[in-house]
Every structure is written in structure tokens, then in C-alpha cells.
Amino acid sequence: MRKLPALLHATSVLATVALLPASAVPAAPTAPAGTSAATPPTYDATPLKSYPAFDANQAIAVDKQYFYAVNNVTVTKHDRRTGEPLLQFAGDTAGPFKHLDSGVVVGGKLYATHSNYPEWPMESSIEVFDTRTMRHVDTFSFGIYRGSLTWLDRYDGAWWAGFANYDKIQDGMTEPYGETYNTQVVKLNDKFEPLQSWTIPKPILDRFKPMSNSGGSWGPDGRLWLTGHDLGEAYAMELPVAGSELRWIATVELPDVQGQGIAWDRSDPRQPTFWAISRPKRLVHTFSMPLASLQTPTAKGWQVLGPGQFRK
């Protein structure tokens, strides 16, 4: 009998709503203008400053005083105030360095991702440099693993990495280079052992094709920001509440950026900046991102139903 008052109350509310004029009934939530329910909104980044960087070809890494332009076998340390190049690590053309893809500065060391791209099978490693001297100080090899390691970041007590796969058919091959849909974001412990992994939504991967995910960096908003190989777009992502696919929260357009490796400068929490490169122009760009505009969808994707509501 305890259920009866609640039932009568619900019936009364429904009847009241039914008698209201159409203008008084609250409208159902709608997607932002220019978007569909399945496509998150798009915003614009605000350019702040640009630096010439002759080898800004693959990615950018940053700390409080310097930025580091990453190329295939070189990493150049620049003064943040002037943009002046100060030191460079230069790998020999005969190896062992083949394709440095991006980097992140953690505790005075630059952790750079490295692969044998475009050779097959894919091999990947993490190469570590002392940011003061730019000397190579350590290495960790994944060998043949989940794909081509393209980015690495440190966040929430763990390492996070992107292992890219591609639809592109490389010279001398007859099959795609791993297939773009196999791209993964992997959470690793301090020994670079996998803890969990996630996929990237297919609509984003379709934008990346025939290439893949080139950049990744955790923002001050607690979201993972991803970029592709070519487009001037950054995608704000969150870990899912269930399942294995990252949640796509928003897209931010980056003027004069063509994908590649990115970096959030988290050294000043009051003024966090987003760093990216213009590959054709050999420029490093910094941006202010519209973090206050980004909203996480509230719908979880499920309900708990009581008697009389069960789906059949």
C-alpha cells in the first residue's frame, strides 16, 4: 500500500502537464546548434604566440622555461622567451633512431616516443633525454606490440600512450599498415606495463584515415586531448563510465595547425596553454583553449527500471 501515494502523485503530475498549454511545457533538451545528437560541439582556439622552429616537423614538448621541437632523429631545445634554439640532440642517420614522434617533459627528463615507421612489423620504444644537457640517458623497448607508439604523457600517477595503426598501404606492402580502427590509448604503470586500454570513436578515426592518432596530452581540465596526422583539430576526450570507447566531448579548431604531436603546458595552473605545430611553415603555435565552454554529457546510457517499466 505504500506505493499508492507515490503512484497517485505521479498520475496527478502527468495530468497537470497534459492540461498545460504547449508553451508552458518544458522543451526536451536539444543538441547545440550546428550539431547532431551524436556529434559533439565545435569551438575555436584563440592563438597566443608563435615561434619559428626549423625542425618542428613531428611534435612539440614543453616545460616552464623551454620548448622542444621534435623531428625524426633530432630534438631541439628552445628558449621560451625568445624562441632561440639552445641545444640539439642529433641522432646518426644510420640509426638507431628512426622516427621520433612526440615527447613529454616529466621531472627534468624528456620522454620521447619512437618507432620504426613505416617499416613492418611495427616496433616501438620510449627514448629518454636529460633536458639540461639533451643527452640520451635511458630507453625502454616495447618491441613488436599494439601498433606504432606515437605519443606519451604522465597523468594521475600513470603513463598514458597512443599506439597508432593506419589504413595507409606502405611501399612494398599489399595490406594496410595495421588498420586505423585498431588504434588504442593505453594506460601504463611505472614499468610501462599495460593496465587498461581504450579505443577512439570511429567518427574521429574516420577523420584520421588513412593515417591515425598522432598526438595526445592530458589537459588541466582532466580531459585527454587528441590530434590526428593532418587536420587542424583537437578532440577533447574523457574516459567512459562503462565500456571501452573514449567519450568525445568536443572538437576545437586550431588555426594553421596540421595535426601531429601536441603538448599542454601545465606548469602554470593559472594560465595553461596548448602547444601545437605548423608542419609546412615550421612554426610552433600556442593557444588558449575554451575550457569553460566544454560540458560533459550527463546521460550515462542506462536506466534502472522498476515494476511496470521493464523492457520486454
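In these legends, a residue is buried when its relative accessible area is under 20%, exposed when it is over 50%, and partly exposed in between (1.4 Å probe, protein chains only). The model is predicted, so local features need pLDDT of at least 70 and side-chain atom pairs count only at pLDDT 80 or more, while totals for chains, interfaces and linings use all residues. Residues are numbered from 1 along each chain as its sequence is written, and side-chain values use heavy atoms, with hydrogens and water left out.

**View 1. The whole chain at a glance.** Let us start with the overall picture. The chain holds 2 helices and 21 strands; these are DSSP runs numbered from the N terminus, with helices being H or I of at least four residues and strands being E of at least two. Of its 312 residues, 46% count as buried. Among contacts with a separation of 6 or more, 51% come from residues 24 or more positions apart, where contact means heavy atoms within 4.5 Å.

**View 2. The hairpin of strands 5 and 6.** Strand 5 (residues 74-79) runs antiparallel to strand 6 (residues 85-90), with 5 bridges between them. The two strands form a hairpin with 5 residues between them, and Gly83 in the turn has a positive phi of about 80°. A handy landmark is Val75, whose bridge partner in strand 6 is Phe89.

**View 3. A salt bridge between Arg154 and Asp190.** The structure holds 12 salt bridges, each a side-chain nitrogen of Lys or Arg within 4 Å of a carboxyl oxygen of Asp or Glu. In this one, the side chains of Arg154 and Asp190 meet at 2.8 Å, N to O. The pair links distant parts of the chain, 36 residues apart: Arg154 is in strand 11 (residues 148-155), and Asp190 is in the loop between strand 13 (184-188) and strand 14 (194-199). Arg154 is partly exposed at 25% relative accessibility, whereas Asp190 is exposed at 53%.

**View 4. Further salt bridges.** Arg223 and Asp221 meet through their side chains at 3.2 Å, N to O. Arg223 is buried, with a relative accessible area of 7%, while Asp221 is partly exposed at 23%. Lys281 and Asp256 form another salt bridge, at 3.4 Å, N to O. Lys281 lies in the loop between strand 20 (273-278) and strand 21 (283-288), and Asp256 in the loop between strand 18 and strand 19 (263-265), so this pair ties together parts that are 25 residues apart in sequence. Here Lys281 is exposed at 54% relative accessibility and Asp256 partly exposed at 27%. Salt bridges with shared partners also join Asp167, Asp206 and Lys209 into one network.

**View 5. The surroundings of Ser148.** Ser148 lies in strand 11 and is buried, with a relative accessible area of 1%. Its side chain makes a polar contact of 3.2 Å with that of Ser115 (a pair of N or O atoms within 3.5 Å; within protein, one must be able to donate a hydrogen and the other to accept it, and residues adjacent in sequence count only if both atoms are side-chain atoms). Leaving aside neighbours within four places in sequence, the contacts of Ser148 include Tyr117, Met122, Phe163 and Tyr166.

**View 6. Gln196 in strand 14.** Gln196 has its place in strand 14 and is partly exposed at 45% relative accessibility. Not counting residues up to four places away in sequence, Gln196 touches Val185, Val186 and Lys187. Trp160 is 36 residues from Gln196 in sequence, and the two are 9.7 Å apart in space, C-alpha to C-alpha.

Notes
Two strands pair if DSSP finds at least two bridges between them.
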